[in-house]
Amino acid sequence: MNTSTLIAPPALVRRAEQQDTKAIQALDSAHYLHPFTDHGDLATRGARVITRADNIYIWDSEGAKILDAMSGLWCVNAGYGRKELADAGYQQTMTLPFYNSFFQTTNVPAVQLATKLAQLAPEVRGRKFEHVFFSSSGSESNDTNVRMVRRYWDLLGQPQRKVIISRQNAYHGSTMAGASLGGMSGMHAQGDLPIPDIVHIGQPHFFENAQPGESQADFGLRAARWLEEKILSIGADKVAAFIAEPVQGAGGVIIPPATYWPEIQRIVDKHGILLISDEVICAFGRLGHWFAYEKFGIRPDLVTFAKGVTSGYIPLGGVMVGDRVAKVLIEKGGEFNHGYTYSGHPVACAVALANLELMEREKLVERVRDDTGPYLAERFEELRGHPLVGAAETCGFVAGLVLVKNKAKRQVFDESLAVGMRCRAHCFRNGLIMRAVGDRMIIAPPLVMTREQIDEMMDLIQRCLDATLEELR
Ligand code: PLP
């Protein structure tokens, strides 16, 4: 992409880069409480100050150019610097910057976006998604799910169905309900979580949880059956829903074996419980489909989305509500006492519409499915030969590497060595953003990434793996 598409005029960009990094860092640590950050550490080291971005690259205040293989935080699907999105936001701001959707009012971009999403969400085995509830984030959307699920069962005269089953190491957001639905022990340890009626089962993590000699297919079935065991131990009549990410993202890009999802679907169908597919990461082309449930043949009742719907240019999230739930809420429910000031925010919806149109025009979803996704898989396959790499997997445009001490024996490193963090530091030094989850190195590149840019990224990854290996010797 040429730099003429940058939103910030070059003069402004230069000014930002001329700022004194140390001064910004000092103000940052004095006043800004960051999400998921150790502030003691931040005060000593100083935050990296990101000043601008274009296409798949970001720049810091020292002028370093960095290839952003994480799309910001799994969200900048259309890449940085897309003028169309800025224009859509500007025009809507000048026309109607805000009005709420409470008490029988609406606005045109919210209606258009809901209609567009209903068109994009494929029908799956008789399940239609014709209704959308808007929020401003994935966390708020999952809170909405908890309220909708409870309301649904109450309206059906089964108020005892309260328990929502989730998975260890899942990430469903940071609000009380989101963090409770999530299975991150570090989050649960702070603030007495989970809240009541949320329980967790194991994750389908083949590398960590498979037994010696167990096939992927057998392990997938066994992991899915943990759900049935949990349902039976609670009592099926008390279970309201099962929530899961089609591919676990923040937990380390855990791609389930092919047998996993069909078995999960069989189990939720058998016990009549609702299925929530949390696609905050997986939707909008990330796995080569508009929605990931299509890829896995899942028939969810509720689908959480956020991030990629606006390519992260402005906060927006929501829930696609399948007809099973929508019918009950609409026909039996009366007023649903739930909503956010910014539900259906006109500017956010206008930017989302522009983003979805851009993605359609540039065929980004098809590109990931048929061209760049398979190419990324091919290139990742080569990494399996690296002495540090115990497993290398991709699914569309998410990918993960497991760093191991001994490949043949599947022996992992001692946690105290923090090998993942060492590798991440080498990535930083070499101009690459890759995320470390323990000793798993993960990526989720912008969907605009070309084959040539995949090659560029793979060279950087190779260099960082070599540097990590060298450091460990
Ligand atoms: N659900 C999933 C699967 C996520 O990955 C995330 C964020 O990464 C969330 C929910 C929470 O979204 P947000 O940070 O927008 O609240």
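Predicted model: local features only at pLDDT ≥ 70, side-chain atom pairs only at ≥ 80, totals over all residues.
**View 1. Phe-103, out in a loop.** Start with the loop between H5 and H6, which is where you'll find Phe-103. Is Phe-103 buried or exposed? Phe-103 has 7 within 10 Å, so Phe-103 is exposed.

**View 2. The residues around the ligand.** There are 15 residues around the ligand, and the ones that come nearest are Ser-137, Gly-138, Ser-139, Gly-173 and Val-280. Which helix gives the most to this shell? That's H7, running over residues 138–155, with three residues. Sorted by class, the shell is made up of eight polar, five nonpolar and two charged residues.

**View 3. Helix H15, mostly under cover.** H15 takes in residues 346–361, and 12 of its 16 residues are buried. Pro-346, Val-347, Ala-348 and Cys-349 are among those buried residues, and so are Asn-355, Leu-356 and Met-359. What does the covering? Helix H5 (83–95), helix H6 (108–120) and helix H16 (364–383) are included in the cover. The length of H15 also checks out: at 1.5 Å a residue, its 16 residues should span 22 Å, and its end C-alpha atoms are 22 Å apart, which agrees. Just after H15, look for Lys-363, which takes a positive phi of about 50°.

**View 4. Helix H17, with one buried face.** In H17 (residues 419–429), the buried residues are Val-419, Gly-420, Cys-423, His-426 and Cys-427. Look down the axis of H17 and these buried residues fall within an arc of 120°, so they line one face of the helix. Over on the other side of H17, Met-421 and Arg-429 are exposed. The buried residues of H17 are covered by elements including strands S12 (398–403), S13 (432–433), S14 (435–437) and S15 (440–443), along with helix H18 (451–472). After H17 comes Gly-431, with a positive phi near 80°.

How values were computed. Residues numbered from 1 in each chain as written. Near = placed C-beta within 6 Å. Helix = DSSP H or I, 4+ residues; strand = E, 2+ residues; numbered from the N terminus. Nonpolar A, V, L, I, M, F, W, Y, C, P; charged D, E, K, R; others polar. Expected span 1.5 Å × (residues − 1). Buried ≥ 20, exposed ≤ 12 C-beta atoms within 10 Å, placed from the backbone. Contact = placed C-beta atoms within 7 Å. Arc of directions from axis to C-beta.
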